[in-house]
Amino acid sequence: MRSEPLAWPPVSAQAASLLEEAADLLVLHRDFAAAVERCEAGCDSLGTGPGPGPGSGPGPSPESSAEVKCSLCVVGIQALAEMNRWREVLSWVLQYYHVPEHLPPKVLELCILLYSKVREPQVMLEVGSSWLRDQTNKSLPEYGSLLELYLLHVLLPLGRFEEAEELVHGCDVIDSKQQLAFLGTICESRCQWTKQEEMHSAAEEQKDAATETVLGALSQKLLTMLTLLRRALRSMSSHFCLLPYKKMLLATFLLYLVVVRLDPASPTALPFIYKLVQLFRQAWAAVFSPIHRPPIQD
């Protein structure tokens, strides 16, 4: 009997073709948006596409459909990351798998690494915990490596040491050697975290001390400036106390008589005008002369 190559069922064949197109767009053409569109079309065809017609052979096997769907999501994650749309990755994946427990190990691994790289590991906190606590996932061969990945890239960077220890102690899949290794890693990370906090606290204290020193220097400068200003105002006040106020009042009164009551063009106003000019000269000399200058004699 002649052996024939296995053929993809119609629905899986369509998804596989879209997967191949998406991979080419991602790697060769660098058209990431088009690659995401092909991945979405492929996932939609697997989720809602029509089954094979009569006489066309059996429907797509669950294993082949799951593999194609996982590969489509992997390509889609890479394309979204290339477009700097990493914030959409988790929600984009969950629209096809609905709950975190159903994520394939490869998809979960990529999501953990991606959000760890962009320093947003808290996004995977609940997703990873739900996946690892699922009994079905504990039978997968990738469980141990994903547990380690979740510890190193999610829990420990967030300082969730008690939660990490609880997860390791409650895991009956790993052996005692692996458990001790994980607990040792958690202890080491806790020590590094404590040292970093102490260094950060010391740096904050030094920063506060430097700020207080600067503020103290500024306060001293401000106090010195206020003292000099007070001395200047006191000197000016003592200077203005020496002004001949009586002469200023007399000059003002004479100016009032000349301008309001007398006619400046009249000969009778000339003596008043002459006296007014003399008074203004004396007042001017008293105001703009040094303090030690002797007063002008009448």
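## A pocket beside helix 5

Helix 5 gives the second largest pocket the largest share of its lining, 4 residues. A helix here is a DSSP run of H or I with at least four residues, a strand is a run of E with at least two, and numbering starts at the N terminus. This is a predicted model, where local features need pLDDT of at least 70 and side-chain atom pairs count only at pLDDT 80 or more, while totals for chains, interfaces and linings use all residues. Residues are numbered from 1 along each chain as its sequence is written, and side-chain values use heavy atoms, with hydrogens and water left out.

So who lines this pocket? The lining is made up of Ile77, Gln78, Ala81, Trp86, Leu110, Leu113, Leu114, Lys117 and Val118. Helix 3 (62–82) and helix 5 (105–117) each bring at least two residues to that lining. Sorted by class, there are 7 nonpolar, 1 polar and 1 charged residues. For the classes, Ala, Val, Leu, Ile, Met, Phe, Trp, Tyr, Cys and Pro are nonpolar, Asp, Glu, Lys and Arg are charged, and the others, Gly among them, are polar. The space in the second largest pocket comes to about 200 Å³.

## How empty space is found

Rolling a probe the size of a water molecule over the atoms shows where empty space is left. On a 1 Å grid over the protein atoms alone, a cavity is a set of points where a 1.4 Å probe fits but cannot get out; a pocket is an open set with protein on both sides within 12 Å along at least five of seven lines, and lining residues have an atom within 4 Å of a point. Grid points are joined across faces, edges and corners, and a volume is the space filled by probe spheres set on the points.

How many cavities of 30 Å³ or more does the structure hold? There is 1, and the largest cavity has about 30 Å³ of space. Its lining consists of Glu148, Leu151, Leu152, Leu156, Phe182, Thr185 and Ile186. Helix 7 (143–155) and helix 9 (176–241) each supply at least two of the lining residues. By class, that lining has 5 nonpolar, 1 polar and 1 charged residues.

## Helix 7 meets helix 8

Two packed helices are described by the angle between their axes and the distance between the axes. For helix 7 and helix 8 (residues 161–169), the axes come within 11 Å and cross at roughly 175°. The two helices are therefore roughly antiparallel, a label for angles over 145 degrees.

Leu147, Tyr150, Leu151 and Leu155 of helix 7 meet Glu163, Ala164, Leu167 and Val168 of helix 8, where contact means heavy atoms within 4.5 Å. These contact residues split into 7 nonpolar, no polar and 1 charged.

## Two loop residues

Asn84 sits in the loop between helix 3 and helix 4 (89–97). Asn84 is not a glycine, yet its phi is positive, about 60°. Is Asn84 buried or exposed? Asn84 is exposed, with a relative accessible area of 55%; exposed means over 50%, buried under 20% and partly exposed in between, with a 1.4 Å probe and protein chains only.

Arg119, in the loop between helix 5 and helix 6 (125–133), also has a positive phi of about 60° without being a glycine. Arg119 is exposed, at 74% relative accessible area.

## The whole protein

Zooming out, the protein has 11 helices and 0 strands. Of its 298 residues, 31% count as buried.

Methods. Axes are lines fitted to C-alpha atoms, for helices over the stretch in contact, and angles run from 0 to 180 degrees between N-to-C directions. Angles under 35 degrees count as roughly parallel, over 145 as roughly antiparallel, 65 to 115 as roughly perpendicular and the rest as oblique.
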